[in-house]
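Subject: Structure handover

Hello,

Here is the structure for your files. My notes follow below it.

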Amino acid sequence: MKVLHTADWHIGKKLHGYDLLPDQAYILDQILKIAKAEAVDAIMIAGDLYDRSVPSEDSVRLLNQTIAEWNLTEEFPLLAISGNHDSATRLATGAPWFNQSNFHLHTRLAEAFNPIEMGDTQFYLLPYFEPVDARIYFEDPELRTIQAAMPKVIEKIKASFDPAKKHILVSHFFVSGSSKTDSETKIEVGGLDGINGNLLTDFDYVALGHLHGKDALKMDNARYSGSPLKYSLSEKNQAKGVWILETDTGEFSFRELTPLHEIEELQASFAELLDPEFYGTVDRENYLSILLEDRAVIPNLMNQLRQVYPRIIQVERANGFETAIETRLKTENIKEKSPIALTENFFTEVSQDALTALQKKWIEDGLHSILKKGGAS
């Protein structure tokens with residue numbers, strides 16, 4: 001068999017307030033094109049289909065349209081699970097009928113122990129679960145963490161192995177030794193943190209979801225697919241895509257995706273950023289993080305920049321003056337300084353220039369006016 005592995009769609013997610021639904025629809029269409037070009041026999045979706053447990057109507061509409069096209073129109077068998085961002089109950093609506101079209105969606109721990117058999121392979125769909133789910137299922141009050149529950153879960157799964165078939169686990173948790181990015185929800189106490197990778201060695205392949213980088217874990221038989229889009233600036237250098245697995249050989253390879261809008265970091269002065277010769281070399285539709293080289297305060301900065309760059313996700317000073325100010329405030333006794341001296345220090349830290357005589361006069365006049373009106377004791 002040839003199988004495609006994807007995960008962490010996070011449909012409905014926003015990037016610094018920007019709606020990503022058009023970007024997500026674009027990238028999901030690319031995944032479908034890869035599935036068709038590779039003529040895969042099934043598609044695995046390892047959790048976090050939605051970004052939140054109560055998704056918007058537009059998010060539900062996009063997921064429904066995607067599943068209908070992939071499964072009903074193109075007739076790809078789908079093997080999906082719920083992740084920690086999904087509401088297992090809401091996502092499972094209609095699941096008993098989905099099986100009739102080869103759409104297998106598991107959202108409860110108990111479902112993980114009934115393999116889906118296709119061709120030469122048994123697929124085990126293990127959704128995200130809480131420790132309480134394991135305590136109830138195994139009737140064991142000592143199961144207080146995922147780490148304690150997982151050995152029992154894997155043991156029960158392996159009890160149904162058909163030795164004549166391959167065995168693939170689709171799941172959504174954090175394996176010890178994996179690396180995280182800023183866009184991932186930190187689930188550690190009693191949650192997904194620290195699953196021992198040795199528990200996974202008896203599977204021919206483990207299709208993981210939860211971490212957003214494809215290189216977050218490198219085991220011989222296990223991979224995170226990563227998210228299909230970059231969901232934070234920390235992911236700007238990551239290659240995004242899907243894995244293609246050949247079950248007969250055990251080999252898997254990565255197919256890269258190209259987003260509708262990239263995440264990019266620019267460093268320049270304010271004048272350069274507004275210069276047509278400079279921005280003519282930039283894809284201004286990208287999501288941009290800007291490192292500003294200017295030292296002076298620039299009025300109406302963001303509004304001016306957004307006239308040229310409509311998808312700015314953040315603007316920071318390239319020289320890091322904010323850190324310098326914080327350090328100085330910690331080491332100086334500001335209570336001993338006069339208001340005029342404090343104002344002068346602040347201006348110098350931010351602009352890296354000394355006050356002119358006229359600026360000093362403005363500050364003195366302003367402070368004296370405040371004092372006369374009773375603005376300070």
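Which residues in H1 meet which residues in H2? From H1 they are Leu-21, Gln-24, Ala-25, Leu-28, Ile-31 and Leu-32. From H2 they are Asp-58, Ser-59, Leu-62, Thr-66, Glu-69 and Trp-70. Contact here means heavy atoms within 4.5 Å.

Before the rest, some ground rules. This is a predicted model: local features need pLDDT of at least 70, side-chain atom pairs count only at pLDDT 80 or more, and totals for chains, interfaces and linings use all residues. Residues are numbered from 1 along each chain as its sequence is written, and side-chain values use heavy atoms, with hydrogens and water left out. Helices (H or I, at least four residues) and strands (E, at least two) are DSSP runs, numbered from the N terminus.

Helix packing

Two packed helices are described by the angle between their axes and the distance between the axes. Axes are lines fitted to C-alpha atoms, for helices over the stretch in contact, and angles run from 0 to 180 degrees between N-to-C directions.

H1 covers residues 21-38 and H2 covers residues 57-73. Their axes come within 11 Å and cross at roughly 10°. H1 and H2 are therefore roughly parallel (angles under 35 degrees; over 145 is roughly antiparallel, 65 to 115 roughly perpendicular, and the rest oblique).

H5 (residues 131-138) packs on H6 at about 45°, with the axes 9 Å apart. That angle makes H5 oblique to H6. The crossing of H5 past H6 is left-handed (the near helix is turned anticlockwise from the far one by less than a right angle; clockwise would be right-handed). On the H5 side, Pro-131, Ala-134, Tyr-137 and Phe-138 take part. They meet Ile-146, Ala-149, Lys-152, Val-153 and Lys-156 in H6.

Ile-27

Ile-27 sits in helix H1. Its relative accessible area is 1%, so Ile-27 is buried (buried means under 20%, exposed over 50%, partly exposed in between, with a 1.4 Å probe and protein chains only). Pro-228 is 201 residues away along the chain, yet the two C-alpha atoms are separated by 6.9 Å. Leaving aside neighbours within four places in sequence, Ile-27 contacts Pro-228, Leu-229, Leu-257, Thr-258 and Pro-259.

Aromatic rings

How many aromatic pairs does the structure hold? There are 12. Rings of Phe, Tyr and Trp (its six-membered ring) pair if their centres lie within 6.5 Å; planes under 30 degrees apart are stacked, over 60 edge-to-face, and the rest tilted. Tyr-124 and Phe-161 form a tilted pair, 5.7 Å centre to centre with 45° between the planes. This pair links distant parts of the chain, 37 residues apart. Tyr-124 is in strand E8 (residues 121-126), and Phe-161 is in the loop between H6 (146-158) and strand E9 (166-172). Both Tyr-124 and Phe-161 are buried.

Ring pairs also join Tyr-205, Trp-243, Phe-252 and Phe-254 into a cluster. Lys-214 lies over the face of Phe-254, 4.9 Å from the ring centre. Likewise, Arg-311 lies over the face of Tyr-287 at 5.8 Å. A charge counts as over a ring if NZ of Lys or CZ of Arg is within 6 Å of the ring centre and within 35 degrees of the ring normal.

Loops to check by eye

His-16 has a positive phi of about 50° although it is not a glycine. His-16 lies between strands E2 (14-15) and E3 (18-19). Ala-39 also has a positive phi of about 50° without being a glycine. Ala-39 is in the loop between H1 and strand E4 (42-46).

Best wishes
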